[in-house]
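Q: I have a structure to look at and would like to work through it step by step. Could you guide me?
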Amino acid sequence: PVFQSEVIEIKELGDERGFLSVVEENKTIPFEIKRVFYIYGTKEGVRRGFHGHFKTRQALIAVTGSCKIHLDNLSRKEEVLLDSPTKILILEPNDWHEMYDFSPDCVLLVLASHHYDSEDYIRDYDNFVEIYNG
Ligand code: T46
């Protein structure tokens, strides 16, 4: 199937102690979570990503700070701003993505549907176009 990436909002559960937000696999997150990683301490001006995937679905949350994601699924290009721990980008494999404009305090949490596999990356844009246009 060809998926469509989207931004979803989750609840901010709060009381006098502060806030708590929750995500659950196969509910808030539309897949089973096999892997978790986080990107932090990103240097100023850095742009990373520059790839698509074959099968890995991901959920991106800026748990602190903010960053932007450039998305390109060949039929649309979009810029997503992640600037709240209650905002989640469900990033589908068929979206080429680049992450940039990280605030110095940004911690970008990523939940992934598959274990790490370097073969699941499409790092060449022309190749990406061939695969998803074909
Ligand atoms: C993605 C975006 C949102 C591992 O060994 N295991 C892992 O699970 C990951 C994610 C990375 N690595 C190694 C591979 C590289 O040597 O960590 C190094 C940095 O990874 P990479 O250059 O792929 O990082 P980004 O920011 O370009 O991309 C990452 C994810 O790899 C990718 O799947 O969609 O975040």
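Q: What percentage of the chain is helix and what percentage is strand over residues 5-131?
A: Over residues 5-131 the chain is 6% helix and 46% strand, and the end C-alpha atoms are 18 Å apart. Helices (H or I, at least four residues) and strands (E, at least two) are DSSP runs, numbered from the N terminus. This is a predicted model, in which local features need pLDDT of at least 70 and side-chain atom pairs count only at pLDDT 80 or more, while totals for chains, interfaces and linings use all residues. Residues are numbered from 1 along each chain as its sequence is written.

Q: Which annotation covers residues 5-131?
A: An unreviewed UniProt entry gives "domain: Sugar 3,4-ketoisomerase QdtA cupin" for residues 5-131. UniProt positions are given in the numbering used here, feature names are shortened, and annotations may be inferred rather than shown by experiment.

Q: How many helices and strands does the protein have?
A: The protein has one helix and twelve strands. Along the sequence the pattern reads β-β-β-β-β-β-β-β-β-β-β-β-α.

Q: And in which order do the strands of the open sheet come?
A: Five strands form this open sheet in the order 1-9-6-11-4, with antiparallel pairing. Two strands pair if DSSP finds at least two bridges between them.

Q: Which strands stand at the edges?
A: Strand 1 (6-9) and strand 4 do; each has a single partner strand, so one side of each is left without a neighbour in the sheet.

Q: How many bridges join strand 1 and strand 9?
A: Strand 1 and strand 9 (residues 87-91) pair over four bridges, in the antiparallel sense. As an example, Glu6 has Ile90 in strand 9 as its bridge partner.

Q: Changing topic: which residues are around the ligand?
A: They are Arg35, Phe37, Ile39, Arg48, Gly49, Gln58, Val110 and Tyr116. A residue is near a molecule or strand if its C-beta atom, placed from the backbone, lies within 6 Å of it.

Q: Which strand gives the most to that shell?
A: Strand 4 does, with three residues. Strand 4 (35-40) and strand 5 (48-53) each supply at least two residues of the shell.

Q: Finally, what share of the protein counts as buried?
A: Of the 134 residues, 25% count as buried. A residue is buried if 20 or more other C-beta atoms lie within 10 Å of its own, exposed if 12 or fewer, and partly exposed in between; C-beta atoms are placed from the backbone.
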